[in-house]
Amino acid sequence: MSFSWNIVTDLRAMWQWAFMRNAFEAGGIASIMAGIVGYLVVLRRSAFATHALGHGGFSGAAGAVLFGVNPLYGLLLATSAGGVGMALAGQRATTRDVEIGTILAFMLAVGLIFLSLYQGYASEAYTILFGEILGVSASEVLLMLEVSVGVLVALAFLYRPLLFSSLDPDVAEAKGLPMTALGVAFMLLVAVAISFSVTVVGVLLIFALMVTPAAAAVRLTQRPVYAVTASVLLALASTWLGLTLAWFASSYWPYPENHFPASFFIVTIAFCVYVAVRLGLWVAREWVHPSVPVVSSEVPAVSETG
Amino acid sequence: MQTGAPDLGDPDFAIRASRVEVAYGKQTVWSDATFDVRRGEFVAVIGPNGAGKTTLFRLLLGLQRPLTGSLTVFGATPRRGNDRIGYVPQRHTIDNDTFVAAQALVHLGIDGTKWGPGFSGRAHREASLEALGAVGATALGHKSLGQMSGGELQRVFLAEALVGKPDMLLLDEPLSNLDIRRARELVEVVHGLVASRGVTTLLVAHDINPLIECLDKVIYIANGRVASGLPETVLTSSSLTELYGVPVEVLRDSRGNIVIVGGENPHEKVVA
């Protein structure tokens, strides 16, 4: 079917297919989870850790494929183990790059050997790498829903200590917060969120769903609650708009056997949103109103080092 | 090892240390430290880099234990998570892409250690506005931390420490990175808090001169030893010569500013 410029008709046409409804639901759930977790990822400067967890998780999925187990279990195991390892390796994000890179390289090497040993075409591996949101089943959507509710309940419980330990680790430690346990708990939540979001964009592109919208959101508002909301909305917009574009682009595509990958559109929109936010704020600051987004204050901003 | 000091619970005292020895790993940082701080005193902790000034704070916060000797804070053994202490750690920088409003950080001074969901209600908002007001930073509440100057940041950190209504403030190098004028402004703010709220305050500093007029006491840490007392008693050539174990001279200029010459390295001028 082709695009009619009548939004209601178009959406109805798209949603009459169960796989598209599933895709919208799965994408929505993953976006909410990734948007919220992503805000804390950005605040804790764990973007590289998140990126590495996704990539490294591939080794677990490849291993599971090799041993004939559901790749999701392998993915969960690998991301969780990697996350705990990273959390224990170093508390301070600034000193963690080397440790994370080391763990990542090792995990990718393990993934490579699993993939090489596997006889035949590893279509599951491809799915894990790039996502296959159009192939999500209703039962998978239900599982995603249950897991994401669990992740959100855990985050609601940990939210303030996580925020505190991310923004002001020395004071949080002196005030008695269990810093290592918080770090481990957070990385486990990231691992679970990644594992259940990979169907949308895949491990290679998970960064675009979990970090890019949050990174744009923190520049739009400085209040944590608003920033989390904006992060979720941007992730949702990227996913749903990307799905819609993929659907209608595919309908103009003359070769029915290979459709447009939704991941491409989702990631591209997330990228464009990020660039637009950066450009928009730059224009606002330099040209339109020199005090945006910095709220003006009576205290003059004297240049001081430090 | 309890030595003397029968009145550990004396309500007049905020800190009592008796023959305290502290080590970092196997390396003794300083030892045989006996001093006390009375409630409501404004104390400067001075000494060369690496002498163990921050270590003293770690002891008081319960992040580290003394090897020997006894140390009490408000009559009790120091413990982590003591709500009666407000702490501003030494910070080198805050990344300028930290897009979080100052008020959110001050909020965390109230409820940052609370588990479970919760929304900061009107009481929290008023408390954090009051704390920001007390340090002259009302206008900074909505400004992003990454966009602040060094002096603005120190005020916000002070508000974060203050919002829990502590009885003691531990401020680690709040004046470093500030120019002379900003340093004096911040000292005035802190001194005002000590005077108006009776908050016992220990402030680690490199340069004692911006502080010297408002101090009640100096704790001088150097050469593995700790000396304490009135500024005019501790900051003398004879007392510092004894502390360092090498000849040290304390010079004063016409305005009462102090320069300490000598210290550990005879070729290096130490400005205390």
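## Domains of chain B

In this predicted model, the centres of domain 1 and domain 2 of chain B, taken over C-alpha atoms, are 27 Å apart. Domain 1 of chain B is made up of residues 1-84 and 167-272, and domain 2 of chain B covers residues 93-165.

Domain 1 of chain B puts 10 residues into the contact between the two, and domain 2 of chain B also puts in 10 residues. On the side of domain 1 of chain B, helix α5 (residues 180-197) of chain B supplies the largest share, five residues. That side comprises six nonpolar residues, one polar residue and three charged residues.

## Interface between chains A and B

Contact between the chains involves 35 residues of chain B and 32 residues of chain A. On the side of chain B, two or more residues come from each of α2 (102-111) and α4 (150-162) of chain B. The largest contribution is that of α2(B), with four residues. By class, the side of chain B that touches chain A holds 15 nonpolar, 13 polar and seven charged residues.

## A helix pair in chain A

Helix α12 (residues 212-220) of chain A packs against helix α14 (residues 262-288) of chain A; the two axes come within 9 Å and cross at roughly 20°. Angles under 35 degrees count as roughly parallel, and α12(A) and α14(A) are therefore roughly parallel to each other. The crossing of α12(A) past α14(A) is left-handed.

From α12(A), the residues in this contact are A:T212, A:P213, A:A215, A:A216, A:R219 and A:L220. They meet A:A270, A:F271, A:V273, A:Y274, A:V277 and A:L281 of α14(A). Together the residues of the contact divide into 10 nonpolar, one polar and one charged.

## Confidence

The model has an ipTM of 0.89 and a pTM of 0.88. For chain B, the mean pLDDT is 88, with 92% of residues at 70 or more. Among the elements of chain B, strand β6 (residues 168-172) has the highest confidence, at a mean of 97, and strand β12 (residues 269-270) has the lowest, at a mean of 46.

Two stretches of chain B fall below 50 in pLDDT. Residues 1-7 of chain B are one of them, with 11 contacts in the model beyond near neighbours in sequence. Residues 266-272 of chain B also stay under 50, and the model has 13 contacts for this stretch beyond four places in sequence. Where pLDDT is low, predicted coordinates should not be read in detail.

How values were computed: Residues numbered from 1 in each chain as written. Chains lettered and ligands numbered in written order. Predicted model: local features only at pLDDT ≥ 70, side-chain atom pairs only at ≥ 80, totals over all residues. Domains from an automatic or database assignment. Contact = placed C-beta atoms within 7 Å. Nonpolar A, V, L, I, M, F, W, Y, C, P; charged D, E, K, R; others polar. Axes fitted to C-alpha atoms, helices over the stretch in contact; angles between N-to-C directions. Parallel < 35°, antiparallel > 145°, perpendicular 65-115°, else oblique. Left-handed = near helix turned anticlockwise from the far one by under 90°. pLDDT = per-residue confidence, 0-100.
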